[in-house]
Amino acid sequence: MSHIENVDGVVFDPNLTKPDVLVLQNLVADIREYQERDEQCQRRRDKEGSDKEKGQSHRDAATITALAALNDPKHALFEPTVFSQVDTGDIRLPLSIDAWIFRPYVRVARSIVRVETDVVMLTHLLLYFSTSVPSAMFLFWKFTWVHGLLHFIMQVSYMGTYTLMMHQHIHMRGILNKRLSILDSLFPYITDPLMGHTWNSYYYHHVKHHHVEGNGPDDLSSTIRYQRDNVLHFLHYTARFFFLIWLDLPLYFIRKGWPAFAIKAAFWELSWYTTLYTLYQYNPKATFTVFLLPLLLLRSGLMLGNWGQHAFVDHDEPSSDYRSSITLIDVPSNRYCFNDGYHTSHHLNPRRHWREHPVSFMKSKELYAVQKALVFHNIDYLMITVRLLMKDYRTLARCMIPIGEEQMSMSIEDRMALLRSHTQKFTEKEIQDKFKAK
């Protein structure tokens with residue numbers, strides 16, 4: 001697709017990944033099939049029901065087969081991801097460049113990365129070490145505000161993709177081949193601070209804390225005690241993380257009886273603050289531009305994103321991963337951020353490889369529908385947060401893709417009411433009642 005298409009109210013952005021197009025086409029076919037059941041078809045529904053189920057089953061199987069082929073190195077249709085901006089099958093290069101540069105690079109890179117699909121991660125590491133690192137070093141040697149501003153703009157353009165690459169790194173304990181484990185372990189100590197991360201904090205907060213609590217009452221980044229369409233609540237939520245996470249996270253580990261994690265989390269966080277202070281004494285302008293600005297921006301961005309990821313929580317079953325997280329089929333989350341849009345799939349299995357999320361979603365599509373999971377398209381987490389704070393439920397309802405007959409039968413107003421009900425603050429009594437198992 002070379003232009004934006006609108007099919008039955010579903011927007012097909014031309015920049016969607018190939019897997020997202022396959023998933024979206026499948027969901028649109030489900031919606032069309034439901035809509036075609038008009039009054040004249042009611043008498044034949046019982047007779048045709050089995051045929052329709054068979055048709056959907058065949059359609060789902062074909063989509064799953066196509067998605068699996070893209071991920072299978074032994075399949076003729078296998079496509080490693082080389083660049084975030086374009087699917088590998090759509091890359092068109094002069095024959096000489098393709099034969100002598102591109103294909104040899106892909107072949108070698110597939111042996112360097114942990115998973116053969118992930119050539120893009122080596123591509124990005126090469127990008128960061130050839131741009132961010134030397135630029136930062138030059139700023140400490142010879143600082144100018146023009147260079148500093150351009151450097152910061154460059155880092156902003158890298159942050160989202162880098163953070164979700166590291167998201168894969170912290171869950172899988174690496175992105176490079178295990179024979180390169182030393183390099184795999186060391187490079188984040190150089191690149192993390194350039195992208196706004198403090199040393200190892202992402203791992204301890206996200207893996208050892210957030211995925212343990214799952215947006216429940218003990219999750220320091222939980223949204224359930226907040227009204228998710230209230231600006232003041234969002235500011236409180238962000239400010240607490242911004243100013244107190246350095247203390248809150250170690251205290252959380254102590255409360256849970258994990259003192260070793262508390263010591264490590266505090267050590268790495270405070271070590272970076274000490275390093276920042278030392279660097280600031282040496283070169284305040286470079287330290288501010290290279291390290292402090294990215295840190296301030298990223299921490300704000302993380303809270304914007306997490307708010308959107310866990311804004312919609314079903315009061316009937318808030319501890320369910322299906323009902324406390326969402327799925328996005330959009331360009332920013334899935335093309336540029338390693339399928340971060342499949343957040344429900346990620347919470348169901350945090351160690352699931354990013355390329356497997358669309359396949360997993362399709363295999364479990366009926367269960368998603370039964371569990372009343374929410375799926376959106378043509379919107380990312382940041383804009384979900386923005387639309388919520390604007391109380392713009394109509395736009396959110398239009399971005400929602402109904403799955404299952406219950407959601408498909410809803411009008412736009414019904415969807416708005418559903419989404420609004422999922423953003424209501426939980427009382428402490430509700431939390432005690434609903435999270436007894438926690």
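Predicted model: local features only at pLDDT ≥ 70, side-chain atom pairs only at ≥ 80, totals over all residues.
Mentor: We'll take the aromatic rings, then the charges over rings, then a helix.

Trainee: How many aromatic pairs in the whole structure?
Mentor: The search finds 30. Rings of Phe, Tyr and Trp (its six-membered ring) pair if their centres lie within 6.5 Å; planes under 30 degrees apart are stacked, over 60 edge-to-face, the rest tilted. Tyr204 and Phe261 make a tilted pair, at 6.0 Å and 55 degrees.

Trainee: Is Tyr204 buried or exposed?
Mentor: Buried, at 8% relative accessible area. Buried means under 20%, exposed over 50%, partly exposed in between (1.4 Å probe, protein chains only). Phe261 is partly exposed, at 22%.

Trainee: Why is the Trp272 and Phe291 pair edge-to-face?
Mentor: Because the planes are at 80 degrees, with the centres 5.2 Å apart. Trp272 is buried at 4%, and Phe291 is buried at 10%. Both belong to one aromatic cluster, which also includes Phe140 and Tyr189.

Trainee: Switching topic. Which residue lies over the face of Tyr393?
Mentor: Arg420, at 4.6 Å from the ring centre. Arg355 lies over Trp354, at 5.9 Å. The test is NZ of Lys or CZ of Arg within 6 Å of the ring centre and within 35 degrees of the ring normal.

Trainee: And which residues of helix 1 are buried?
Mentor: Among them are Val21, Leu24 and Ile31. Helices (H or I, at least four residues) are DSSP runs, numbered from the N terminus.

Definitions and conventions: Residues numbered from 1 in each chain as written. Heavy atoms only, no water. Helix = DSSP H or I, 4+ residues; strand = E, 2+ residues; numbered from the N terminus.
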